[in-house]
Structure formats: structure tokens, C-alpha cells
Amino acid sequence: MKINWYPGHMHKASKEIKEALPHIDLIIEVLDARIPYSSQNPVLSDLRQETPCIRILNKSDLADPALTERWQTFLEQEQGVKTLATRTDQPEKIKQIIDLCRKMLADKVAANRVIRTMIMGIPNVGKSTLINILAGKTIAKTGNEPAVTQRQQRINLGQNVILSDTPGVLWPNVENINSGYRLAITGAIKDTAMHYDDVAFFAADYLLSRYPECLKQRFQIDDLPETEVELMSLIGQKRGCLKTGKQIDMDKTGKILLQEIRSGKLGQISWESPEIVNEEQAELERLRAAKAAKKAARKKKRSFR
Ligand SMILES: Nc1nc2c(ncn2[C@@H]2O[C@H](COP(=O)(O)OP(=O)(O)OP(=O)(O)O)[C@@H](O)[C@H]2O)c(=O)[nH]1
Ligand SMILES: [Mg+2]
């Protein structure tokens, strides 16, 4: 699965962050609790340098609670950030963000100085929704259109905490091919940029190995099949996704499966764990090293000619 995050967009976002950072005391990066690694911005850690950061694991109502807890511990220990798991049906938890900001910048609080914050995150992760809840009124339109984003305004969240109201839209971590699939499953990538069946096969394979009970319950299957192709065929049959000639329409089946996953109908599911990600990162490192060695060998060969 290939995702096109245009270099032009990435460059623009990096530039905007660099310009904004001197005026920001604390960054709030909003992650998708179902994919806390794949929804991270790969360069924010470098760009922010010493600027304190809170990572919000939003949409935690859709994620596996046990994994969310493990991710929070992992992120706090490995990345030196504070974390908070939030969901829009629990606004009180979201309001804790303000307390956490004040706690992290106790010196400023003690000096009665204003704390300037900014929310950043990938598309569709819930930035505007969080801003509206924090502000206690509808300020940011959900669905961040260019025409809506006028000049950067500042919202007073109370208790000396100020939020810049233009959320920075970041690109996710897409070097890892599996991250691309997970972003597609969770809805961070437009449906027009993917093939439902391709993404749904990835989802079906993962669900078979990690969440078999959710599948059994949702689709009323007693004995799950071995492979994702068999599973998709079964779901297609059950949901009446047939082409002429009684063939299963995999694209339609895939679309239905993804819609049911996204709306939480299969239950609370997380699509990656710290262990899975560590393994994948080690594999990426190996691939990168092999590629570099190959390139070096080619260069050496050329210099001998
Ligand atoms: N289930 C669930 N849905 C949420 C949560 N937070 C946001 N959403 C939904 O996710 C969708 C995207 O929310 P937005 O606030 O518009 O996201 P955004 O990050 O501002 O998106 P862009 O402006 O496109 O970058 C909306 O349909 C929200 O209702 C949450 O905690 N749980
Ligand atoms: Mg928005």
C-alpha cells in the first residue's frame, strides 16, 4: 500500500512548525489511541527539541483499554513526554489537559506568566473537537477547511493557558508499510486513496490473530477460518455482498468491514502494540542498512572502472 504524502506538504508543515515554535511553550500532539505509533509525526521529536510535549491518545473509546495503558507507559518512558487518554464523550478528562499543562510548566505558573500551547496532529484525529471542548464553545470547525482558517487567533482556556486556534496538521509515520494500512483502517486516509479489499485483507488477518472473539461475536461465526481470504468470503456471504455468478464482491465486503471497524461495532480494538512496533522498526533498520550497503558496493564498483 502506497500513500502519497507530498513532499511539498511536508515541507510546508515543517516550516510552519519551526516558525510557530518560538512562540509556543508547550506542544499538544494528538494521536489516535488505536495507533499511537503510526499516528505520530516522524519529525516532531526533532523539530520540537526541548519544547515540552503532551501526547494525547484520543478516540480511546475505540481502542483496546489494556493496550492504551501499555502505550502510555511506553511513550512516557521512551519518549519523555506526558500522556493522557481522551475520548469526546468524557469532556472532563479532556479538561485535564489544562491542569497537565500547568503542572508541566510550574515555573511559569509560579511567576503568573501565560502558558502558550498549540495542538498538532494528523488529519481526522480529533484536533478541532478537542479545541471546542477545551474552549467550551464551537470555535474550530470540525473538518478543517482552508477558508475557515483565518488569521491565527488565540483562545484563552482559562487559568492563564492560551491555545493557538489554528491546529497544525501533520503527516503521519508512513515509512513503515504496515503503518499505512493502519492509518487507512482507522480513517486517517481518504477512502478514495485506497482499495477497500487490500486494506480489509490486512485488517482481517490482524483480527484473526489478535481479536478472534470480536470477529466471532460480530459475525456470528463459531469456527473461524484460517486465512483472511476465507474470512472475507464468509463475511461477504453473511452481508450479502455478491456479484453476478454468486462470486463474493471483496471490495464491497472490505468497505463494510472497515465501516464496522471504524464505528466501533467490532469492539475496542488497537492496531499496534509497543512490541509489534519495535519488531517492525528493527526490520526497517535492517532494510535501511542493507540498502546502504548495496549502494556503497555499487559506488565502489563504479570507482574501479
Ligand atoms: N469515537 C470518537 N470519535 C471522535 C473522537 N474525537 C473526534 N472524533 C470524531 O473524529 C472525526 C474528526 O474529528 P475532528 O475534530 O474534525 O478532527 P481534526 O483532527 O480536526 O480533523 P482535520 O481538521 O481534518 O485535520 C469527527 O467525526 C469526530 O466526531 C473520540 O474521542 N471518539
Ligand atoms: Mg480540524
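Mentor: We shall discuss a few residues of this model, which is predicted.

Trainee: What is the phi of Lys59 near?

Mentor: Phi of Lys59 is near 60 degrees, which is a positive value in a residue other than glycine. For context, most residues other than glycine have a negative phi.

Trainee: Where is Lys59 placed?

Mentor: Lys59 sits in the loop that runs between β2 (53-58) and α3 (65-79).

Trainee: And is Lys59 buried or exposed?

Mentor: Lys59 is buried, because its relative accessible area is 19% and buried means under 20%.

Trainee: Moving on, what about the phi of Gln159?

Mentor: Gln159, also a residue other than glycine, has a positive phi, near 55 degrees. Gln159 belongs to the loop between β5 (154-158) and β6 (161-169).

Trainee: A change of topic: which helix holds Lys108?

Mentor: Lys108 is part of helix α5, residues 106-110. With a relative accessibility of 17%, Lys108 counts as buried.

Trainee: What does the side chain of Lys108 make a polar contact with?

Mentor: The partner is the side chain of Asp25, at 3.2 Å.

Trainee: Which residues is Lys108 in contact with, leaving aside neighbours within four places in sequence?

Mentor: With those neighbours set aside, Lys108 is in contact with Asp25, Arg113, Val114, Ile115 and Arg116.

How values were computed: Residues are numbered from 1 along each chain as its sequence is written. Chains are lettered from A and ligands numbered from 1 in the order in which they are written. This is a predicted model: local features need pLDDT of at least 70, side-chain atom pairs count only at pLDDT 80 or more; totals for chains, interfaces and linings use all residues. Side-chain values use heavy atoms; hydrogens and water are left out. Helices (H or I, at least four residues) and strands (E, at least two) are DSSP runs, numbered from the N terminus. Buried means under 20% relative accessible area, exposed over 50%, partly exposed in between (1.4 Å probe, protein chains only). A polar contact is a pair of N or O atoms within 3.5 Å; within protein, one must be able to donate a hydrogen and the other to accept it, and residues adjacent in sequence count only if both atoms are side-chain atoms. Contact means heavy atoms within 4.5 Å.
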